[in-house]
Amino acid sequence: MEPNSTAELRRWFTTHGGFIHPFVSLSQGKFGLSAIAQDTIHADTTIVSCPFSLAIDVECSMHALTVLFGESSLVDLQSWSERQLICTYICLHWVFPDSSPIPDALRHLPYLKSLPPADALLTPLQFTPSELEAFQGTNIHGATRDRQESWSADWNKCQTFIHAVNPDWAERYTWDNHLRASTYLSTRAFPSTLLSRSPTLQTTSSSYPFMLPGVDILNHSRGQPVSWCTSYPEGSTKVRDDSATISIISHTTTPLGEEVFNNYGLKANDELILGYGFSLPQNPDDKITLQLGGSSNKWAIGRLASGAEGLWNEVRRLVAETPGEIGYEDDLEAAQLLLDMVQKKYESLPGLPDENDASIRPAVRLMLKHYLEGQRDILTSLKTYFEERQEAAVEAARDEGIELVFDDE
């Protein structure tokens, strides 16, 4: 039997037009819900469907905030970002005392109650100072600082506005609640491109994160074959139709007792850790981003030095006196510059804290371990790549009758 919180979620979801396959049971764990097959679920089966009307997106949030703050607030709210609107909508569900009913405009309380409690969230913004310091020297450390600053600015702007409308609401619109809402949006968001008639997980310059209740109960499994399908009422021509539904179809058979998974797409561990609060061991999609000083180009390098050619060619052009005539001297200089950069990057990575270090939670240490393994593997493959380019330049010199001698250092 499902726990009360998950049973309430299922009732609310299905009452409002959602669908969860009858063989799927919702299991509540420390880090949220899991979908477990109570009988064999065959391939090419629709697992869950959510009507657009239940999406927590800009339209839903703008409507509710205008109702609660008054029509005069519309002009100000139109200047807010999508994240500010959605996070404020979520937070307002928590500003009313348990003993009092919440306004009808706030429609997602049963869904929000089913999400992990604040102390179960584990993105880097929930790390302790010691845990975040363990990531010093990684891209995650700087990205976390940037995100903290951005989200804090959002909270100050939203709370200040709410205070002018209702000081009691503003007092309960705490940083902890804003962080919790922002983390829900980060860890459970889908790109708004899914709401189009041709749904896709690919983001665009105009897309934004939004939440799909019910659909987000499926956890991530890399490479899981699934399809996203939208269904519109017959004759509907609207770009966005609230009566339309979006569904996940699983293309593999799930045996009794096994978890039913979704696929979030190909994501490196830095993205998984920062956005979702978990990592994958030996993640084949890991990458490292390198950028030359003074250059606007950012090169995402993967395992086996995939993507390194663009970085290599950029440096060759930079060091060559005549970019159209690159010789072995230029290649030798480019290879040495890049080998020095790779070595410096490798040495800047932090060590892994001792397993007995009580200031680092095991789950955080594991994320750092997975991340460091990927970064070191990529940098090692880059070292090999540039050494091969260096050796090719030496061979080119020999072909011209020049024997190069290097001093041992």
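**Helix packing**

I looked up H12 and H13 and found that H12 passes H13 in a left-handed crossing. (A crossing is left-handed if the near helix is turned anticlockwise from the far one by less than a right angle, right-handed if clockwise; helices, H or I of at least four residues, and strands, E of at least two, are DSSP runs numbered from the N terminus.) The model is predicted, so local features need pLDDT of at least 70 and side-chain atom pairs count only at pLDDT 80 or more, while totals for chains, interfaces and linings use all residues. Residues are numbered from 1 along each chain as its sequence is written, and side-chain values use heavy atoms, with hydrogens and water left out.

Helix H12 covers residues 328–348 and helix H13 residues 362–399; their axes are 9 Å apart at an angle of about 160°. Axes here are lines fitted to C-alpha atoms, for helices over the stretch in contact, and angles run from 0 to 180 degrees between N-to-C directions. That makes H12 roughly antiparallel to H13 (under 35 degrees is roughly parallel, over 145 roughly antiparallel, 65 to 115 roughly perpendicular, the rest oblique).

I then listed the contact (heavy atoms within 4.5 Å). On the H12 side I noted Leu-332, Leu-339 and Val-342 among others, and on the H13 side residues including Leu-379, Phe-386 and Ala-393. The contact of H12 with H13 divides into 14 nonpolar, three polar and five charged residues. (Ala, Val, Leu, Ile, Met, Phe, Trp, Tyr, Cys and Pro count as nonpolar, Asp, Glu, Lys and Arg as charged, and the others, Gly among them, as polar.)

H13 also meets helix H10 (residues 269–276), with axes that come within 9 Å and cross at roughly 155°. H10 and H13 are therefore roughly antiparallel to each other. Asn-269, Asp-270 and Ile-273 in H10 touch Met-367, His-370 and Tyr-371 in H13.

My next pair was H4 (residues 82–92) and H7 (residues 139–165), whose axes come within 10 Å and cross at roughly 60°. That makes H4 oblique to H7. I have the crossing of H4 and H7 as right-handed. Arg-83, Gln-84 and Thr-88 in H4 meet Trp-151, Asp-154, Lys-157, Cys-158 and Ile-162 in H7.

**Rings and a strand**

How many aromatic pairs does a search of the whole structure find? I got 13 aromatic pairs. (Rings of Phe, Tyr and Trp, its six-membered ring, pair if their centres lie within 6.5 Å; planes under 30 degrees apart count as stacked, over 60 as edge-to-face and the rest as tilted.) Ring pairs link Phe-69, Trp-80, Phe-96, Phe-161 and Trp-169 into a cluster.

I also checked for charges over rings (NZ of Lys or CZ of Arg within 6 Å of the ring centre and within 35 degrees of the ring normal). The charged end of Arg-180 sits over Trp-94, 4.0 Å from the ring centre. Arg-389 has its charged end over the ring of Tyr-385, 4.4 Å from the centre.

Last, I looked up Ile-36, which is in strand E3 (residues 32–37). The C-alpha atoms of Ile-36 and Leu-26 are separated by 6.4 Å, with the two residues 10 apart along the chain.
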